[in-house]
Each structure stands twice: as C-alpha cells, then as structure tokens.
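Colleague: I am new to this one. Can we go through the labels and check what stands behind each?

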Amino acid sequence: TEFQHIDELIRRIALSVFHIGIVLKHNGKIVRQYRAAQTTSQIEKRLAAICSESFVKTALRFENAECLAENKQFKISGWISDRLSPRLLADVQYCYINGRMIRDKLVNHAIKQAYARLLPDGQFPGYVIYIDCAAEQVDVNVHPSKHEVRFHQARWVHDYIVSTLMGTLNNED
C-alpha cells in the first residue's frame with residue numbers, strides 16, 4: 001500500500017515536470033522510468049505511460065489565457081477526455097496550480113459542471129489540467145496538506161474553467 005502511494009506521487013510529479021527525467025526503483029529494480037520530455041511526442045509518450053494510451057488517443061488538448069486583474073495573466077491548459085471517452089474510474093484526474101499538485105473543491109466542481117450533461121452517472125472525465133496565475137491571485141495555505149487552495153476571485157476562476165472546458169468539448173472534431 002505504501003509503495004502504491006509512492007508510485008502515485010511519482011506519477012503526479014512526473015506530470016508536473018516533463019523536462020526532468022525520473023526513475024522509481026523498488027528493491028533495486030526499476031519500476032518506472034520517465035525520460036525527460038521536450039517535444040510534443042515525448043510529452044505525449046510520458047502522458048500515455050502515466051494516464052494510458054487510450055486517454056492520449058482520445059484526449060483533447062487545450063490552452064486558454066486571459067487577463068484576470070491588473071494585467072495578471074490567468075492561463076489554463078492541458079488535456080481532457082472527449083465526450084465519447086468517459087472513464088469507469090476517476091483514475092486519470094490530475095490538476096496543478098503553478099506547478100503544485102492540488103485537489104480543490106472549486107476546480108473539481110467546475111470540471112464536473114463542464115461535463116454535467118455529457119457523462120452518464122457512474123462515469124468520469126479524465127483530465128490533466130494546469131493552471132498558471134500570479135501567486136497573489138491564489139492562497140496555497142488553506143490546508144496543511146497544501147492540496148487545497150483559495151482563489152481571490154473564486155467565482156471568476158470557476159466560470160473561466162467551465163467555459164474553457166465546455167468550449168473545448170464543443171469544438172472537438
């Protein structure tokens with residue numbers, strides 16, 4: 001059980017720093033090896049190794065940036081599963097803010113809302129989402145584990161995530 005937690009942590013870290021190679025060993029044997037990724041194809045290989053080939057084949061890549069306040073950029077990017085490829089488990093759900101892994105209620109609610117009418121009950125979207133914003137726009141000291149954050153303009157952030165994801169899902173080919 002402890003090794004599985006370590007393995008999951010390494011996967012989360014590997015998704016946050018593509019440019020760094022990571023090797024996980026257990027009892028002297030290499031269990032996981034994520035090579036440094038610079039090109040799009042290398043990044044997609046790492047993504048497939050962590051999230052699955054099927055996720056990468058059907059995932060929709062997106063990137064959107066806007067000015068939040070006082071010329072501070074708010075950028076959201078990543079991959080989300082298309083409407084025809086829901087998952088039976090909530091196993092591919094990774095979110096990062098400024099490179100930090102998070103599990104945040106506001107972000108999770110926004111993602112659920114974007115998929116609300118698209119997925120049947122008991123099925124889940126897959127996603128790897130990166131949010132980049134000015135440090136003063138988000139408080140990372142909300143919870144001791146540092147996995148929860150608080151946005152200073154929470155409603156705007158929520159609506160922006162929903163509109164970006166819905167726009168991506170509606171524009172898929």
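Colleague: Why is Arg87 called buried?

Modeller: Arg87 has a relative accessible area of 15%. Buried means under 20%. So Arg87 is buried. Keep in mind that this is a predicted model.

Colleague: What makes Arg87 and Asp91 a salt bridge?

Modeller: Their closest N and O atoms are 2.8 Å apart. The cut-off is 4 Å, from a side-chain nitrogen of Lys or Arg to a carboxyl oxygen of Asp or Glu. The pair of Arg87 and Asp91 therefore qualifies.

Colleague: Is Asp91 buried or partly exposed?

Modeller: Partly exposed: its relative accessible area is 37%. That value lies between the limits of 20% and 50%.

Colleague: How many salt bridges does a search of the whole structure find?

Modeller: Eight. One of them joins the side chains of Arg61 and Glu63, at 3.8 Å from N to O. That is within 4 Å, so the name holds.

Colleague: How do you know whether Arg61 and Glu63 are exposed or partly exposed?

Modeller: Arg61 has 45% relative accessibility, so it counts as partly exposed. Glu63 has 52%, and exposed means over 50%. Glu63 therefore counts as exposed.

Colleague: What makes Arg12 and Glu8 a salt bridge?

Modeller: The distance from N to O is 3.5 Å, and the limit is 4 Å. Both residues sit in helix H1, residues 2-16. They are four residues apart, so about one helical turn separates them. Arg12 is buried at 8%, whereas Glu8 is partly exposed at 22%.

Colleague: Which residues are linked in a network of salt bridges?

Modeller: Asp7, Glu8, Arg11, Arg12 and Arg32.

Colleague: Now Asp82. How do you know it has no salt bridge?

Modeller: The nearest side chain of opposite charge is Arg83, 7.6 Å away. A salt bridge needs 4 Å or less, so Asp82 has none. Yet Asp82 is buried. It lies in the loop between E4 and E5.

Colleague: What does the side chain of Asp82 make a polar contact with?

Modeller: The side chain of Ser85, at 2.7 Å. The backbone nitrogen of Leu84 also lies 3.1 Å from a polar atom of the Asp82 side chain. Both distances are within the 3.5 Å limit for a polar contact.

Colleague: Why is Ser77 called buried?

Modeller: Ser77 has 7% relative accessibility, and buried means under 20%. Ser77 is found in strand E4. Leaving aside neighbours within four places in sequence, Ser77 is in contact with Arg61, Phe62, Glu63, Val128, Ile129 and Tyr130.

Colleague: What makes up the largest nonpolar core?

Modeller: It has 27 residues. Those with the most contacts inside it are Ile80, Val107, Ile129, Ile131, Phe151, Ile161 and Leu165. Strands E3, E4, E5 and E7 and helices H4 and H5 each supply at least two residues of this core. H5 gives the most, with six. In soluble globular proteins, nonpolar side chains tend to be buried together.

Colleague: What does Val107 touch?

Modeller: Not counting residues up to four places away in sequence, Val107 touches Cys95, Ile102, Ile131, Phe151 and Ile161. A second, separate core has 22 residues, including Ile10, Phe18, Ile50 and Val128.

Colleague: Why is E5 called mostly covered?

Modeller: Four of its five residues are buried. E5 pairs with E7 in the parallel sense, over five bridges. E5 also runs antiparallel to strand E6, residues 100-102, and three bridges join them. Tyr96 has a bridge partner in each: Tyr130 in E7 and Met101 in E6.

Colleague: Where is Asn27, and is it buried or exposed?

Modeller: Asn27 is in the loop between strand E1 and strand E2. At 69% it is over the 50% limit, so it counts as exposed. Asn27 is not a glycine, yet its phi is positive, about 55°.

Conventions: Residues numbered from 1 in each chain as written. Predicted model: local features only at pLDDT ≥ 70, side-chain atom pairs only at ≥ 80, totals over all residues. Heavy atoms only, no water. Buried < 20%, exposed > 50% of the residue type's maximum accessible area, 1.4 Å probe, protein only. Core = buried A, V, L, I, M, F, W, Y, C linked by side-chain atoms within 4.5 Å. Contact = heavy atoms within 4.5 Å. Lys, Arg positive; Asp, Glu negative; His and termini not counted. Polar contact = N/O pair within 3.5 Å; in protein donor to acceptor, adjacent residues only side chain to side chain. Pairing = 2+ DSSP bridges.
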